[in-house]
Amino acid sequence: MPTFALDDATFHEEIGSSDLPVLVEFWATWCGPCRMIAPSLEEISDEHADSIRIAKVDVDASPDLARSFNVMSIPTMIVFRDGEEVARFVGGKGKQQIVADLADFL
């Protein structure tokens, strides 16, 4: 399943109604590390579609959403389960490290 975009209008409904954990990457088009991890997140999304969903929030398009989760730097990846934050990872990482960080959810 490919990654999907969330914004102020869709965030809470998508996160709250998901039967799987959702990894949300807070990112921006100008963020180099965000662009570097994008292919890894797509691969993880495809490889683990039965255990986790991966979404993205553009902090420039949804600054209030980013502020509401105290996102101070990007990329920030937050895992939500049953609508609640259960894990947070900050910074650019390789695919293996992201998978290791997500081990409890895959």
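Me: Helices (H or I, at least four residues) and strands (E, at least two) are DSSP runs here, numbered from the N terminus. With that settled, which loop holds Pro75?

Reply: Pro75 sits in the loop between α3 and β4. Keep in mind that this is a predicted model.

Me: Is the peptide bond from Ile74 to Pro75 cis or trans?

Reply: It is cis, and omega is near 0°. Most peptide bonds are trans.

Me: And Asn70, where is that found?

Reply: Asn70 also belongs to the loop between α3 and β4. Its phi is near 55°, which is positive, and the residue is not a glycine.

Me: Buried or exposed, Asn70?

Reply: Exposed, because its relative accessibility is 51% and the cut-off for exposed is over 50%.

Me: What about the phi of Asp82?

Reply: Asp82 has a positive phi of about 55° and is not a glycine either. This residue lies in the loop between β4 and β5 and is exposed, with a relative accessible area of 64%. Most residues other than glycine have a negative phi.

Me: Switching to the sheet. In what order do the strands come?

Reply: The order is β1-β3-β2-β4-β5, in an open sheet of five strands with mixed pairing. The edge strands, β1 (4-6) and β5 (84-90), each pair on one side only. On average, neighbouring strands are turned by 30° against each other, ignoring direction.

Me: Do β2 and β4 run parallel or antiparallel, and over how many bridges?

Reply: They are antiparallel, over five bridges.

Me: Which residue in β4 is the bridge partner of Glu25?

Reply: Met77.

Me: Now the helix. How many residues are in α2, and how far does it reach?

Reply: Helix α2 (residues 32-47) has 16 residues and reaches 24 Å from its first C-alpha to its last, close to the expected 22 Å.

Me: Where in α2 is the kink?

Reply: At Ala38, shortly before Pro39, with an angle of about 35°.

Me: Which residues of α2 are buried?

Reply: Cys34, Ile37, Ser40, Leu41, Ile44 and Ser45. An α-helix has 3.6 residues a turn, so residues three or four places apart point the same way.

Me: What covers the buried residues of α2?

Reply: The cover includes β2 (22-27), β3 (53-58), β4 (76-81) and α4 (95-101). The helix α2 lies across β2, β3 and β4, and runs at about 165° to β2.

Me: How many disulfides does the structure hold?

Reply: One. Cys31 and Cys34 form it, with their sulfur atoms 2.4 Å apart. The link of Cys31 and Cys34 is right-handed, with 75° about the S-S bond.

Me: Why does Cys31 count as buried?

Reply: Because its relative accessibility is 3%, and buried means under 20%. Cys34 is buried as well, with a relative accessible area of 1%.

Me: And Lys56, buried or exposed?

Reply: Buried, with a relative accessible area of 14%. Lys56 is in strand β3. Leaving out residues up to four places away in sequence, Lys56 touches Thr3, Phe4, Ala5, Leu6, Glu25, Trp27 and Ala38. Of those, Ala38 is where α2 has its kink, and Glu25 is the bridge partner of Met77.

Me: Last one: where is Ala61?

Reply: Ala61 is in the loop between β3 and α3 (63-68). Its relative accessibility is 57%, so it counts as exposed. The C-alpha atoms of Ala61 and Arg81 are separated by 24 Å, with the two residues 20 apart along the chain.

How values were computed: Residues numbered from 1 in each chain as written. Predicted model: local features only at pLDDT ≥ 70, side-chain atom pairs only at ≥ 80, totals over all residues. Heavy atoms only, no water. Expected span 1.5 Å × (residues − 1). Bend = angle between axes of the 7 residues up to and from the residue. Buried < 20%, exposed > 50% of the residue type's maximum accessible area, 1.4 Å probe, protein only. Contact = heavy atoms within 4.5 Å. Pairing = 2+ DSSP bridges. Axes fitted to C-alpha atoms, helices over the stretch in contact; angles between N-to-C directions. Disulfide = S-S within 2.5 Å.
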